[in-house]
Amino acid sequence: MATSFSVDSPNIAPNKVIEGDSSYREEPDMERSSGAVEKKTGGTKVASLLLVNQALATLAFFGVGVNLVLFLTRVLGQDNVNAANNVSKWIGTVYMFSLIGAFLSDSYWGRYLTCTIFQLIFVLGLALSSLSSWRFLINPAGCGDGNTPCKPSSIGDDIFYLSIYLVAFGYGGHQPTLATFGADQYDEKNPKEKSSKVAFFCYFYFALNAGSLFSNTVLVYYEDTGKWTMGFLVSLVSAVIAFLSFLLGTPRYRHVKPCGNPVVRVAQVFTAVVRKWHVAPAKAEELFEVDGPQSAIKGSRKILHTDDFEFMDKAATIKGNEEQSPKNPWRLCTVTQVEEAKCVFRMLPVWLCTIIYSVVFTQMASLFVEQGDVMNSNIGSFHLPAASMSAFDICSVLVCTGIYRQILVPLAGRLSGNPKGLSELQRMGIGLIIGMLAMVASGATEIARLRHIIHGEKTSSLSIFWQIPQYVLVGASEVFMYVGQLEFFNGQAPDGIKSFGSSLCMASISLGNYVSSMLVNMVMVITARGQNKGWIPENLNTGHMDRFFFLLAGLAAFDFVLYLFCAKWYKSINVEDSDTGDQEEEDVNSKV
């Protein structure tokens with residue numbers, strides 16, 4: 001006689017469990033609690049609106065961020081080390097907030113609502129930064145141009161810091177969700193849309209850099225001449241237009257409902273493992289899993305069993321006394337739930353190896369700008385702002401993106417047999433190598449700069465255009481590393497934590513900024529002793545910033561060796577098609 005049980009958890013879809021003599025199966029309710037609503041929704045046109053939103057929001061964000069280190073030194077009066085560290089911490093906070101946005105998106109709010117709320121916070125932060133600059137910080141008018149000192153008020157300082165961290169919260173919170181929401185607009189069951197989805201992440205990063213190009217050229221110039229308030233106001237207007245463009249697509253968006261709290265699901269797995277610590281894991285075919293096309297996790301396809309982290313299989317091992325009791329997920333988990341936790345653990349080593357690259361990347365917003373600020377940046381009577389040199393990075397990204405999509409992908413596809421060209425892990429490894437070369441180029445530029453110092457001044461006669469190679473190399477590395485990361489973490493994350501997968505890319509940048517700040521502090525503590533002013537002193541002409549760049553190159557080389565081991569070890573997620581029951585495995589690490 002069969003007995004029915006309920007799986008009692010808010011993170012598990014309501015299912016009916018049928019227990020027979022020796023087999024277990026769960027039959028999901030006929031109503032699907034999640035999934036894409038496909039009729040007359042989604043597609044490339046709708047996804048294009050999200051790319052426009054990304055470009056305009058990025059323009060607004062970098063209107064504040066790209067010249068922030070000079071705003072802190074010129075307007076708020078901070079020294080080079082404190083300003084560089086504050087920018088690193090702020091950028092780190094921006095991307096750390098991406099984890100919060102991803103969690104709310106995957107668990108409770110869904111992608112659309114999460115993007116809406118965080119973009120409103122973003123607009124509020126930009127409005128406050130404009131207000132604080134206009135009313136309290138730019139005093140006297142036109143100050144902060146490198147010649148006229150400012151006399152900011154303390155309340156202005158407080159409002160400004162509040163505003164930039166609201167900007168960090170708003171921009172960081174919606175970024176990974178926007179990327180995942182864009183990917184949701186493509187139906188993987190449609191071959192044409194599936195190939196478009198692969199290209200979407202490349203164009204997403206392209207849109208990011210296209211938006212920042214204006215900030216890094218036009219806005220930087222006006223801010224460098226003391227027109228800070230105007231720069232912040234332009235950013236505010238851009239953010240408002242971005243938000244309106246996002247709302248414009250509301251009737252056409254394809255939505256995927258949230259899948260419940262993944263933290264609880266992972267906690268359930270480990271709680272069940274601890275409770276069965278002395279129980280031997282069952283064989284793969286004897287582990288607990290629901291029958292039917294849908295998994296017990298709301299909106300998630302089934303994930304097939306893997307042999308690694310075997311101890312976690314205890315959570316899906318059926319004990320004798322569980323045959324007659326309701327299936328409590330704190331005691332007995334499905335294979336899919338266990339594999340979801342395994343997927344996270346498999347991705348973590350690869351993710352940790354990307355942090356050193358993010359340390360390299362963050363130098364563009366801090367030490368590259370400080371280095372360029374003490375070089376000869378005059379073209380006749382025109383003064384080129386140091387921060388505008390990042391336009392070469394952006395142009396490098398835009399050009400390399402086109403070369404990659406139009407030339408490298410077809411060529412590598414024919415040579416390797418992989419329609420994607422290079423696998424995501426291969427691209428990330430290439431990006432790490434190019435990033436290392438960018439640090440070598442930066443150190444070489446600093447050595448050349450120190451040979452042309454102007455005695456009695458803090459500047460050098462060496463042209464700022466010597467920085468072009470380091471910016472171009474960083475841009476080329478981004479195309480391989482960050483686009484590869486977006487595809488890898490989004491593709492390898494289980495259905496229930498897709499936004500979390502995208503946020504791992506942002507979180508890597510976040511920790512990279514914190515590690516950069518820590519390294520700068522450590523280097524200054526070690527090198528600034530006695531008469532030595534350290535590698536990165538207030539007057540860079542008396543320091544050795546080149547040694548810091550070479551240190552980063554060495555760390556990147558060591559990190560690459562570790563990355564090779566992690567990439568070789570990694571196993572791809574293996575999911576079951578919810579309609580056909582066929583196995584779907586994506587080979588991301590072939591020939592690493």
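**Entry 1**

I began with Glu339, which counts as buried because its relative accessibility is 1%. I take buried to mean under 20% relative accessible area, exposed over 50%, and partly exposed in between, with a 1.4 Å probe and protein chains only. I note that this is a predicted model, in which local features need pLDDT of at least 70 and side-chain atom pairs count only at pLDDT 80 or more, while totals for chains, interfaces and linings use all residues. Residues are numbered from 1 along each chain as its sequence is written, and side-chain values use heavy atoms, with hydrogens and water left out.

I then looked up the partner of Glu339. Its side chain meets that of Lys342 in a salt bridge (3.2 Å, N to O). The term salt bridge stands for a side-chain nitrogen of Lys or Arg within 4 Å of a carboxyl oxygen of Asp or Glu. Both Lys342 and Glu339 belong to helix α8, three residues apart, which is about one turn of the helix. An α-helix has 3.6 residues a turn, so residues three or four places apart point the same way. Lys342 is buried, at a relative accessible area of 0%.

**Entry 1. Other salt bridges**

I searched the whole structure and found eleven salt bridges. One of them is between the side chains of Asp495 and Arg301 (2.9 Å, N to O). This pair links distant parts of the chain, 194 residues apart: Asp495 is in the loop between α13 (468-492) and α14, and Arg301 is in the loop between α7 (262-275) and α8. Asp495 and Arg301 are both buried.

I also recorded the salt bridge between the side chains of Glu487 and Arg427 (2.9 Å, N to O). Here too the pair links distant parts of the chain, with Glu487 in helix α13 and Arg427 in helix α12, 60 residues apart. Glu487 is buried with a relative accessible area of 7%, and Arg427 is buried with 2%. Finally, salt bridges that share partners join Asp308, Asp313, Glu339, Lys342 and Arg346 into one network.

**Entry 2. The chain as a whole**

I next looked up the totals. The protein chain has 15 helices and seven strands; helices (H or I, at least four residues) and strands (E, at least two) are DSSP runs, numbered from the N terminus. Of its 592 residues, 57% are buried. Among contacts with a separation of 6 or more, 80% are between residues 24 or more positions apart, where contact means heavy atoms within 4.5 Å. The chain exposes about 23,800 Å², of which carbon and sulfur atoms supply 64%; the areas come from the Shrake-Rupley method with a 1.4 Å probe, and for residues only the protein chains shown count as cover.

I checked the length of helix α15 (residues 545-569). Its 25 residues should span 36 Å at 1.5 Å a residue, and the end C-alpha atoms are 37 Å apart, which agrees; the expected span is 1.5 Å times one less than the number of residues. Its buried residues include Met545, Phe548, Leu552, Tyr563 and Cys566. I found that the buried residues of α15 pack against α8 (335-352), α9 (355-362), α10 (367-373), α12 (424-450) and α14 (498-527).

In helix α3 (residues 80-137) I looked up Arg111, which counts as buried at 6% relative accessibility. Leaving aside residues up to four places away in sequence, Arg111 touches residues including Asp106, Asp184, Lys498 and Ser499.

**Entry 3. Cysteines**

How many disulfides does a search of the whole structure find? I found one, joining Cys143 to Cys150 (S to S 2.0 Å). A disulfide is counted when a pair of cysteine sulfur atoms lies within 2.5 Å. The torsion about the S-S bond of Cys143 and Cys150 is about 105°, so the disulfide is right-handed. Cys143 is buried, at 0% relative accessible area, and Cys150 is buried at 14%. The sulfur of Cys353 is 3.8 Å from the closest cysteine sulfur, in Cys566, which is too far for a bond.

**Entry 4. A nonpolar patch**

Phe214, Val218, Tyr221, Tyr222, Met230, Ile379, Phe382 and Phe465 make a nonpolar patch of about 630 Å². Patches are made of residues with over 30% relative accessible area and no salt bridge, like charges being joined within 9 Å and nonpolar side chains (Val, Leu, Ile, Met, Phe, Trp, Tyr) within 5 Å. Helix α5 (residues 191-224) gives the most to the patch, with four residues. Ile379 is in strand β4 (residues 378-379) and counts as partly exposed at 42% relative accessibility.
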